[in-house]
Amino acid sequence: MVITKTRSPIRSNVGLKAVMAVTGILLALFLIAHMLGNLKVFTGETSFDHYAHWLRDIGKPLLPGVWFLWILRTGLVVAVVAHIVAATVLARRARAARPVKYAHRKKVNGSYAARTMRWGGVIILLFVIYHLLDLTTGTLNPVGDASKPYGNVVADFAPERWYVTLFYTLAILAVGFHLRHGAFSAFRSLGQQTPRGERRARTAALVFAVLLCAGYLVVPFAVLTGLVS
Ligand code: HEM
């Protein structure tokens, strides 16, 4: 028997998918902007530090102090939490809707994409916590001086700290896989609902994810190889 409860539109499956899409797009926009900002490391120490300090001044004089930054941070946290809550509720509902329970829990629980999205999401979350302690608060950074963002980045990916580059690489690849699936879903919904449209959406999502990963990875590898020092 199927029991249908009346839910507010946002709690319906369609509403939750819209929450996932909107928050996913906001997070992807942040990732694009952050990646482009990081590439300024190739323009030299003065320019990169100037850019990083400018980030704290956006909105001035309309907004006092670092208000813009805090509005951005709040927006990011709300988007991440809403994205995770919506994903969890949708996954639980999908599981509950399965008509016959498995006698033994199958190895393949849900689609391949769904599983990588879940674990990929957890890896990304752990990475972001480490990353904030590393490059925002400076707690885990060998330099850890907020007034020297360039120095922090160079110290972070120094050759003797290759394991930091390795960890960043794994996390960025997780971001890439996560984004490829998210972008594919978005492009598929927006494009033609035909096998050709689906192929195009798959290709566009792959290109987007590869470009984003490359844009991020080039920074630690430039430091590791001495191109940026
Ligand atoms: C090689 C890759 C990356 C580098 C070199 C890098 C660099 C940085 C730096 C230097 C800061 C500090 C900015 C400042 O406070 O002056 C920062 C902050 C931040 N990064 Fe990254 N980042 C990378 C990848 C990522 C990725 C993949 C994510 C998300 C999944 C991310 C999310 C953030 C967030 C949320 C902040 C905090 C922004 C704030 O509130 O101040 N970063 N990053």
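**Figure 1. Surface and overall fold of the predicted model.** The accessible surface of the protein amounts to about 15100 Å², with carbon and sulfur atoms contributing 71% of that area; accessible areas come from the Shrake-Rupley method with a 1.4 Å probe, and for residues only the protein chains shown count as cover. This is a predicted model, in which local features need pLDDT of at least 70 and side-chain atom pairs count only at pLDDT 80 or more, while totals for chains, interfaces and linings use all residues. Residues are numbered from 1 along each chain as its sequence is written, and side-chain values use heavy atoms, with hydrogens and water left out. The protein contains 7 helices and 0 strands (DSSP runs numbered from the N terminus, with at least four residues of H or I for a helix and at least two of E for a strand). The C-alpha trace spans about 65 × 40 × 35 Å along its principal axes.

**Figure 2. The shell around the ligand.** The ligand is surrounded by 19 residues, each with a heavy atom within 4 Å of it. The closest are H34, N38, R56, R73 and H131. By class, the shell comprises 13 nonpolar, 4 polar and 2 charged residues (Ala, Val, Leu, Ile, Met, Phe, Trp, Tyr, Cys and Pro count as nonpolar, Asp, Glu, Lys and Arg as charged, and the others, Gly among them, as polar).

Figure 3. Polar contacts are pairs of N or O atoms within 3.5 Å. An N or O atom in the side chain of R73 is 2.5 Å from an oxygen atom of the ligand. For the side chain of H34, an N or O atom is 2.8 Å from a ligand nitrogen atom; for that of N38, the distance to a ligand nitrogen atom is 3.5 Å. Two or more shell residues come from each of α1 (13-38), α2 (45-57), α4 (112-136), α6 (162-190) and α7 (195-224). The largest share, 6 residues, belongs to α4.

**Figure 4. The nonpolar cores.** A nonpolar core is a set of buried Ala, Val, Leu, Ile, Met, Phe, Trp, Tyr and Cys residues joined through side-chain atoms within 4.5 Å, where buried means under 20% relative accessible area. The largest core has 26 residues, among which L212 and V228 touch the most other members. The elements giving two or more residues to this core are α1, α2, α4, α5 (149-156), α6 and α7. A second, separate core of 5 residues includes L16, V19, M20 and L90.

Key: A polar contact is a pair of N or O atoms within 3.5 Å; within protein, one must be able to donate a hydrogen and the other to accept it, and residues adjacent in sequence count only if both atoms are side-chain atoms. Buried means under 20% relative accessible area, exposed over 50%, partly exposed in between (1.4 Å probe, protein chains only).
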